[in-house]
Amino acid sequence: MSVPSLLPAALALGLAPLLVGVITRTKAVIAGRVGQPLLQPYRDLRKLMRKGAVYSRTTTWVFRAGPVVGLAATVLASALVPYGGSFALVSFPGDLFVFAYLLALTRFFTVIAALDTGSSFEGMGASREVTFSALAEPALLLGLAAVARMTGSLSLSPILSRVTVEVWAQAAPALALVAAALLVVFLVENGRIPVDDPATHLELTMIHEVMILDHGGPDLAFILYAAAVKLWLLGTLLIGVVLPVHSDNRWLDSAAATVAMLALGVLTGLIESSMARLRLVRVPNLLVGAGVLSVLALLLVLR
Amino acid sequence: MVEMVLICIVLTNFALLGSSRLSACIRLVALQGVLLGFLTLLARESALSVRAPVLALTSTGLKGVAFPWLLSRALRDADVRREVEPFVGQSLSMLLGTLALAASLWLAARLPQPNPALSPLVVPVAFFTILMGLFLIVSRKTALSQVLGYLVLENGIYAFGVGVVEGTPMLVELRVLLDLLVAVLVMGIVVFHIGREFDHIDTDQLTVLRDWDR
Amino acid sequence: MIPALLLIPTLAGLVAYFVRANAPRRMLLVLAGVAHATLTGATWVAEPAPWWGGWLGLDGLGRLFLSITSVLFLAAAVYAAAYLRREMPGGREDFEEGFLFDNAPEATFTACLLLFLAAMTLVTTSQAFGLLWIAVEATTLASAPLIYFHRHHRSLEATWKYLLICSVGIALALLGNFFLAVAASGHGITSVGLVLSDLLHGASDLRVAWLRAAFLLFLVGYGTKVGLAPLHTWLPDAHSEAPSVVSALLSGALLNCALLGIMRAQQVCAAAGQAAFGQGLLIGFGLLSMAVAAVFIPGQSDYKRMLAYSSVEHMGILTLGLGLGGAATFGSMLHAVNHSLTKAALFLVAGNILAAYRSKSADDVRGVLRTLPVSGVVWVAALFAITGSPPFGSFTSELTILKAALDQGRATVAITYLALLAVIFVGMATAVLGMAQGAPNDARVPTARREPLLSVAPAVALVGVVLLLGLYIPPVVRSAIESAASALG
C-alpha cells in the first residue's frame, strides 16, 4: 500500500516505551526475577513529567534546549520511517540521510547539553558516545546504501516496502550481512550491551547514562522518551530488512510487524542477558567489524 | 549455496584480522578448512564416484581437525603468552582487508572468466584469501601466527584450485594437501624448537642475523 | 636410467638414516655420489628414455643442470666425509658467542643430504610442471634440517626464515601452476600434470591473460627460491649459518634448480609468442639482484655472508642473460656451469678457513696463503673466477652476456651491468685479498695446519675445471650448452 498514513508515526510514538518495558522484563525473567510491569516506562514518564527541575547556575540555555530539541528531532524522524505495509508520513528521495542525521542531531544536542554542565564525568561519557557513534555511522549508512541499491530507490519507504521474498531469494547473503550490521548498529546507538550497560550506575562505565546524569523532571522524561522512540525507529529499520512478508492487508502487515518488534525486544533482552559488556578498547573493533559487514554487502550488490 | 559458503569464508578471514587471541585464530582457520570441505563437495556434485566425498572428508579432517590440534599442541608446549601482538592494529587490519577485498574483485574482473566457473565469486574470494594469508604472515609477530597465515594462504590457493581448475580434481587436492601436510608438520616442529630455544615465539625478536652493526 | 638416478639417492638416504656406525655411513654417502655421477655421465653418452608417461625425461636443459648438480654433490660428498670426521660428537663451543651447542645427529644430516640430491634430481628430470613443483617443494623440506645442523639460536633463526619465505614462494608457484592449468583449459590440453611437450605443442591455444599471470607467479614464486632480489632475504642468513658443505650445495645446485622452474615457464611463454612479456621483467629482476648485491658486499664483515650475496649477484646475471635472450642465453647457461663450480669451491674453502681460524669475520682472518697454502691459492683463484676475470670461464660467459646486451642496443643495461660488476669486484677483492695476504694474527690460528687431502681436493678440482673451461670449451660441452640454450629460444 503506498498511501502515506499516520500509522507508522502513531505506533512509534505510542508503543516505544512498551518496547523498553519488554526488554527490561525479558532481562528480569532470565535473571530469575519477576521484574517490572510491562507498562512501567509509561508510569515513569508520567511521574517525571509531574516533577519539577533544578538547574545548576553553571549551565546555559543549551542545557535546557538539549532535551527539547532532541525530542523534537526524534519525533520528526518518526515521520520518515515506514512500518509494516504502510508508507511513512513523509517520504522523498534521500530521506534516509535525513533520518540518520535527525538521530545524529538528537545525539549532538544531548552531548552538548552534557558538556554544558562542565562536569568531567559527563564530558567523559560524551566523548565516548561521540566516538562510538562516529564509527557506527558508516555501518548504518553503507548498509542502507546496499539495500537501496538492491531495491533501486533512495527513500526509506519504497526501500523497505520492496524488500520482498524474491529479493531475499536473489540476494540473501548481502541482506543477511546488512541485517547483521544493522543489529550491531541497533545495539550501539541505543546503548545496549555489549557496548553500554543501561542499568549500570558506576560512572566510570557509563556512556549514555552519564550524559543525562544532571537532567531531572520533564527534561529527563523527554530524554527517556526520545531514547525509546529512537530504539523503536532503529528496530523498525531492522525489521523492515529482515521481514520480507508483504501481504495486501495493511493492518495484517502492521500487526505482523508489531509482533516482530516485540520479538526483537525479547531478542535484545536475550543478547543483553547472555553477554558481558565489551572492554571499551574493543568496542571500536566491533564497530569496524559491523562497518566491514556493510561494505561487504555493498560490494556484493555492486558487483 | 556456493555463494553462502564463499561469503562465510570471507567472514572468517575478516574475523582472523580482528582476533587477538591465538587460540581463537586457530579455531577460525579450522572453520575455514571445514568450509573449504563443503566447497569441495559442492564443486564436485556433478562428478560421480566415491573419490570426491572421500577427498572432501580427508581434506576437512586434515585442515579442520588435525592441523589445528597440532598447532594447539605447539601453542601449549611453547608455553607462551597467548596474545598475538600485531604490527598493524586490528581496526586498521580490517580496513586494509576491505581494500584487499575490493582489489580482489577488481583483479578478478580483469582476468577472463575460466570456463567451468563454479560461481563468479570463487576467483575473487580465492584471491582475497591469498592476500589475507600474506597479510597475516607479514603483520603478525609470533611464529605460530605466521604458520596460520601460511595455512590461510594455502586455503586460498586450494579454493582457487577447487573452484576453477577442471580436469581431475584429485591432483589439485592432493597437491595442496601434500604441501600443507608436510609444511605444517615441519613448521610445527620448528615452532616447538623456537619456543624451547628462545623462551618465546616472537619472531620480531629474531634479529641477530643482520648485515650491519652486529 | 632415470628411475635409477632417482632411486639411488633416495634408497641411500633411507639406508643412511638407519646405519649406526659413522664410517660406513660416510662411505655410503661418497659411493652414492660416485654412482649418481657415473649414471649422469652415462646419460651424456646414451639419451635416456622418458619414463612415467612422459612426466620424467631428460632434455638438453635438464641434462646440463643435472650434470652440474651431480658433480657438485660428488665434490660435496667427498668434502663432507672429511668434515663429519672433524666435527666432534657431543657439545661444541660456538665461535662467536661462546656458548655450547650440539650438532644434529650425523645420520639425519647424511640422510637429508642424500634425499636433497634425490629431490634435485627430480627437479631436473621432471617434464611436467606439477611434478617440478612437487620436487622444488621437496628440496625445501629436505634442506631445512641441513641448515639446522648446528643446533643453536642463530641457525634456528636462519632455518625459520628459509622455511617460511621459501614456503610462501612455493605456494605462489603452486598458484602459478593452477593459472597455467586454466590457461591451458578448454582447448584440448587436458593433461592435468601440465606436461611440457603438450604445452609447447598447443602453445598457440593458451589463453594469454592467464598465461601471463602464471608466468608472473612463477617468476615471483620460484624467484624466491632462486634468491632474486627483493625476495632474497632468506639467502644470506641461510647460507652463512649452514655448514659450508650445505652452503656449497645450496648456492651451486639448488639455486640453479629453482631457476629451472622459471626457465620452463619462459619456454612455454616463448612458444606462445609471449616471450617479450617476460623479458623486461627478467632483466629488471636481474639488474635489481646485482644492485642489491653491490650494496651489501662491500664492507661485509662476514665472509660467508659475502659469498651468499655473491650468489644473489650471479643469479641476477643468469636472469639478466635469460631476459636478454638470443646469444645471451648461451652465456647464461655457460655462466650457470661456471658459477656453480666456482661458488662451491669458494664455500668449501671457506669451510676450511672457518675451521682453522674459528672466526666468521673477514677482519679476523689474515694470512691464509701462509697458514693454509692450498686453500689460500684456491681462495684467491676462485675470487678471480667468481668476479669474471680471465683466464677463468666466468669471463667468457659474462662477456657473452655483455655482448648480447650491446648487440641489442640496450646501452643502459650494459653500462649498469658493467658498473655493478666492477663494484662487486672491488668489494669482494678487498675482503678476500685482505684475508689471503699478510701475516696471521697471533690470537687466531698461527700455526700452519696440515690440510687434509679430502678437504681441499674437491675445491681444487672444481676450480681446475673452471680454469679449463676458460681456456678451452670441449665441443661436447659446447654442444650441450647450445642445445640447452636453444630450448629456451
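Axes here are lines fitted to C-alpha atoms, for helices over the stretch in contact, with angles between N-to-C directions running from 0 to 180 degrees. The structure shown in these views is a predicted model.

**View 1. Packing of helix α10 against helix α12 in chain C.** The axes of helix α10 (residues 244-271) of chain C and helix α12 (residues 303-324) of chain C come within 11 Å of one another and cross at roughly 20°. Because angles under 35 degrees count as roughly parallel, α10(C) is described as roughly parallel to α12(C). The crossing of α10(C) and α12(C) is right-handed. From α10(C) the contact draws on C:Ser247, C:Ser251, C:Leu255, C:Leu259, C:Met263 and C:Gln266, and from α12(C) it draws on C:Lys304, C:Ser311, C:Met315, C:Leu318 and C:Leu322. Sorted by class, the residues of this contact comprise six nonpolar, four polar and one charged.

**View 2. Packing of helix α4 against helix α10 in chain C.** Helix α4 (residues 106-125) of chain C packs with α10(C) at an angle of about 30°, their axes being 9 Å apart, and α4(C) is therefore roughly parallel to α10(C). The crossing in which α4(C) passes α10(C) is left-handed. Here C:Phe116, C:Met120, C:Val123 and C:Thr124 of α4(C) meet C:Leu249, C:Ala253, C:Leu254, C:Cys257 and C:Leu260 of α10(C). The contact of α4(C) with α10(C) has eight nonpolar residues and one polar residue, with no charged residues.

View 3. In the loop between α8 (208-226) and α9 (234-241) of chain C lies C:Pro230, which is joined to C:Ala229 by a cis peptide bond with omega of about 0°. Another cis peptide bond, with omega of about 5°, joins C:Pro390 and C:Pro391, and C:Pro391 is placed in the loop between α15 (373-386) and α16 (393-407) of chain C. C:Arg358 counts as partly exposed because 15 C-beta neighbours lie inside 10 Å.

**View 4. Contacts between the chains.** Two pairs of chains are in contact, and of these chains B and C share the most contacts. Between chain A and chain B, ten residues of chain A are in contact with 15 residues of chain B. On the side of chain A that touches chain B, helix α12 (residues 283-302) of chain A gives the most, with eight residues, and by class this side has seven nonpolar, two polar and one charged residues. Chain A and chain C, by contrast, are joined by no contact, and their closest C-alpha atoms lie 21 Å apart.

**View 5. A:Leu252 in helix α11 of chain A.** A:Leu252 is placed in helix α11 (residues 250-274) of chain A and is partly exposed, since 14 other C-beta atoms lie within 10 Å.

**View 6. Predictor confidence along chain B.** The mean pLDDT of chain B is 78, with 71% of its residues reaching 70 or more. Among the elements of this chain, helix α5 (residues 122-139) of chain B has the highest mean pLDDT (92), whereas helix α7 (residues 169-198) of chain B has the lowest (67).

How values were computed
Residues numbered from 1 in each chain as written. Chains lettered and ligands numbered in written order. Predicted model: local features only at pLDDT ≥ 70, side-chain atom pairs only at ≥ 80, totals over all residues. Helix = DSSP H or I, 4+ residues; strand = E, 2+ residues; numbered from the N terminus. Parallel < 35°, antiparallel > 145°, perpendicular 65-115°, else oblique. Left-handed = near helix turned anticlockwise from the far one by under 90°. Contact = placed C-beta atoms within 7 Å. Nonpolar A, V, L, I, M, F, W, Y, C, P; charged D, E, K, R; others polar. pLDDT = per-residue confidence, 0-100. Buried ≥ 20, exposed ≤ 12 C-beta atoms within 10 Å, placed from the backbone.
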